[in-house]
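Please open the structure in your viewer and keep the selection tool at hand. The tour below moves from one selection to the next and says what is found at each stop.

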Amino acid sequence: MAVFIAGDLRFSEYGGGMADCANDRGQQVTLRAVESCGGDMTSNAEYIILVVGSYGAYFRLTKDEVDRRFPCIIVYTPDPVPEEDTISLVRKMKEQLDLPVLAIADSNPQSVKNFSLFVAGGCDIKWLGLRPSDVVALKMHRRCMRPMNSKDLKLAQRLLEKDAVVKQRPQWVEELKKMVETRSKVEVDALSPLGRSFLSNVYFPDKMVAQDWI
């Protein structure tokens, strides 16, 4: 499965060329393509912003060019559950470039499960958003929320009781408990009623300045 990348990342291409994700924005990149050319990557970025499953968030962040305002590489993983190659590619970027990975996804139990899969696969990440505590702080309207179904609730409970990665992260546990208490999940796209570019011009910059990730 390919990921989509925009931002300050360069790597060798098959045939001797150089891929530049700052200029060729939204480039599809696979682990196999990177490894077939030696796997060497270069960047002047300070962060990898991992957008898991939310195309709307990826579209808004890249369209508003937050990677040009903040020194970051934006990586979008479209698969609803990250595949092994996707995790390996992000891990390779993190290790080779020595950068922290900050994750953005919808506020729901599946997102937390996906974050856990990245960590279990050797790619430590921090949860930037969207988090239940953000929903409260932003005073988001109830119509922006969707009720959790029985599958969501069972997954949340399983993560709280049995997931080793989650249990080692008390702040993740507290956020999950908030989801269960409110029985609500919220998509990143639900920030748009606060302003079309609220995600890229307010929410994301505020998080980066405050270093508000867990």
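## A lysine to begin with

Select K185, which counts as buried because its relative accessibility is 13%, and the cut-off for buried is under 20%. Bear in mind throughout that this is a predicted model. K185 has its place in strand β11, residues 184–186, and its side chain makes a polar contact with the side chain of D152 at 2.7 Å. If you then display what surrounds K185, leaving aside neighbours within four places in sequence, the residues in contact with K185 are S107, N108, M145, R146, P147, M148, N149 and D152.

## The nonpolar cores

Next, select I5, L9, I73, V75, I125 and W172, which are the residues with the most contacts inside the largest nonpolar core, a set of 45 residues. A second, separate core of 30 residues includes Y58, L102, L128 and F198.

## Aromatic rings

How many aromatic pairs are there? The count comes to 10 aromatic pairs, and one to pick out is that of Y58 and Y76, whose ring centres are 5.1 Å apart and whose planes stand at 20 degrees, so the pair is stacked. Y58 belongs to helix α2 (residues 55–63) and Y76 to strand β7 (residues 72–77), so this pair ties together parts that are 18 residues apart in sequence. Are these two residues buried or exposed? Y58 is buried, with a relative accessible area of 6%, and Y76 likewise counts as buried, at 7% relative accessibility.

## A bent helix

Finally, select helix α10, residues 198–210, and look along it to F204, where the helix bends by about 30 degrees, with a proline, P205, following within four residues. Which residues of α10 are buried? They are F198, L199, S200, Y203, F204, P205, K207 and M208. To see what covers these buried residues, show the elements around them, which include β6 (47–52), α2, α3 (66–69), β8 (101–104), β9 (126–129) and α6 (132–137). The last stop is Q211, which follows α10 and has a positive phi, near 50 degrees.

Technical notes. Residues numbered from 1 in each chain as written. Predicted model: local features only at pLDDT ≥ 70, side-chain atom pairs only at ≥ 80, totals over all residues. Heavy atoms only, no water. Helix = DSSP H or I, 4+ residues; strand = E, 2+ residues; numbered from the N terminus. Buried < 20%, exposed > 50% of the residue type's maximum accessible area, 1.4 Å probe, protein only. Polar contact = N/O pair within 3.5 Å; in protein donor to acceptor, adjacent residues only side chain to side chain. Contact = heavy atoms within 4.5 Å. Core = buried A, V, L, I, M, F, W, Y, C linked by side-chain atoms within 4.5 Å. Phe/Tyr/Trp six-rings, centres within 6.5 Å; stacked < 30°, edge-to-face > 60°. Bend = angle between axes of the 7 residues up to and from the residue.
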